[in-house]
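Subject: Structure handover

Hello,

Here is the structure I said I would pass on. My notes on its pockets and on one hairpin follow below.

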Amino acid sequence: MSAEPRKLLQGATGDWEVVVGLEIHAQVSSQSKLFSGASAEYGAGPNENVSLVDAAMPGMLPVINRYCVEQAVRTGLGLNAKINLWSRFDRKNYFYPDLPQGYQISQYKDPIVGEGEIEVELDDGETIKVGVERLHLEQDAGKSIHDLAPKESYVDLNRSGVALMEIVSKPDMRSAEEGAAYFSKIRTIVRYLGTCDGNMEEGSMRADVNVSVCPAGNYEKFRESGDFSYLGTRTETKNVNSIRYVRQVIDYEARRQIEVIEGGGEIDQETRLFDVKAGTTRTMRSKEDAHDYRYFPDPDLLPLEIDQAWVDEIRASLPELPDAKKRRFVSDYGLSAYDAAVLAADKPSAAYFEEVAKGRDGKMAANWVMGELFGALNKEGVDIAASPISAERLGKLLDLIKDKTISGKIAKDVFALMFSGEETSDPADIVEKRGLKQVTDTGAIEAVIDEIMAANPKQVEQVKEKPKTMGWFVGQVMQKTGGKANPQAVNELLRKKLGVE
């Protein structure tokens with residue numbers, strides 16, 4: 001990846017570069033927790049899903065969940081990362097009321113997944129590569145609730161012990177757009193893999209956003225030397241649970257830090273919180289370094305050793321991932337790179353498109369899925385899984401266009417009826433019941449054209465001088481036939497009768 005600044009921010013004293021790294025916490029899709037058999041299901045009543053291990057009762061020992069380990073390995077393979085056959089768990093020591101043990105079981109120097117790299121597509125079609133530093137497994141803390149009583153706080157331990165994958169990026173992102181796009185791509189990958197559901201509103205995926213700014217040119221010096229001091233002091237904004245909010249945090253923090261530095265101040269290494277309503281960040285606490293947590297190997301857990309054969313078995317079971325699907329959509333269906341990327345970004349959308357495109361024109365299928373269908377779903381706030389029109393029915397609608405039973409314009413009207421549920425969702429039934437079949441009888445179309453030409457001699461003469469005005473006649477014919485005349489036949493007959501080359 002080039003070390004050249006991809007985007008500069010202008011300040012009062014000169015140009016600045018923003019440097020972004022993300023620590024993404026993805027909850028493992030597992031029925032039980034990382035070290036206990038308690039349910040990891042979301043939505044239970046307070047403290048219903050708590051075992052003696054989760055509550056840190058004396059003498060209770062953790063037992064590793066094999067399935068969670070498998071999910072971490074699957075994710076690492078999906079990130080093109082190194083799978084470490086030997087790893088171990090450490091205790092990360094800190095005090096908080098919703099951390100009953102007084103420490104979190106995590107991984108520090110020996111994570112289960114090492115370095116990797118993913119491709120990230122930006123809105124303008126550019127593709128960048130972002131390095132993954134590591135992925136490690138750790139247990140989640142509980143939840144403190146401060147708004148149920150004026151002078152009391154409550155603790156819900158349902159999340160205590162839930163398995164998390166922390167995916168740590170390298171400081172390779174250089175703008176808010178890149179940070180948001182990376183977060184989105186990681187979400188897409190884990191959802192394809194089935195290792196995390198990506199439901200950010202439920203807290204099962206969130207990001208700690210690290211941002212720093214430095215004078216233009218410093219990033220290149222960092223790449224050459226590996227000296228992080230060139231990047232400036234970073235802040236960490238915790239628990240950002242929206243792609244849009246990730247973008248807002250980066251934009252705000254970059255501007256705030258530039259103003260502080262240019263005003264003669266210094267950036268504090270600190271943890272911050274994002275105020276969604278105000279769109280700003282605020283100080284939460286000073287940022288700890290690794291030594292503040294007093295990491296040491298967890299004495300209750302043996303090192304984690306896995307076989308290469310098991311890793312190979314997991315690799316063989318991986319689904320087709322977004323990048324491979326995008327390339328196949330381009331080669332097999334003739335789609336543009338942009339259209340292929342949009343359709344491949346969401347697994348259900350990709351599956352829907354493929355069913356529509358089966359045995360049909362891929363570009364036409366993509367246009368209808370991305371245009372009419374996505375537009376209608378977005379307007380109604382409906383997910384594609386709940387689409388009123390199945391992929392099979394949309395495919396049948398495209399068949400009616402292809403065999404010239406209806407025109408593209410009529411097809412849009414039929415689509416609207418199918419989507420609203422006003423009519424049966426079978427497109428052929430709607431066309432038959434409403435008499436929408438396309439008029440392909442050239443004799444009938446010719447009669448309409450003759451009638452219009454006889455009633456508008458001036459326009460006929462005008463076409464001879466200005467051939468482009470033939471479009472007026474096309475409109476008149478379509479209006480007279482209720483939009484059912486075959487457009488190709490209309491144009492051919494009009495050219496012949498009006499003498500337009």
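Which residue of β7 does V120 stand opposite? V120 stands opposite I128. This is a predicted model, with local features needing pLDDT of at least 70 and side-chain atom pairs pLDDT 80 or more, while totals for chains, interfaces and linings use all residues. Residues are numbered from 1 along each chain as its sequence is written, and side-chain values use heavy atoms, without hydrogens and water.

With 5 residues between the strands, G125 takes a positive phi near 95°. The covered face of β6 has G116, I118 and V120, and the uncovered one E117, E119 and E121.

Pocket: the second largest pocket has a volume of about 1,200 Å³. Of its 37 lining residues, S184, T188, A341, V342 and A345 are the closest to the centre. A pocket here is an open set of points on a 1 Å grid with protein on both sides within 12 Å along at least five of seven lines, and lining residues have an atom within 4 Å of a point.

Cavity: the search of the whole structure finds 1 cavity of 30 Å³ or more, where a 1.4 Å probe fits but cannot get out.

Regards

Technical notes
Grid points are joined across faces, edges and corners, and a volume is the space filled by probe spheres set on the points. Buried means under 20% relative accessible area, exposed over 50%, partly exposed in between (1.4 Å probe, protein chains only). Helices (H or I, at least four residues) and strands (E, at least two) are DSSP runs, numbered from the N terminus. Two strands pair if DSSP finds at least two bridges between them.
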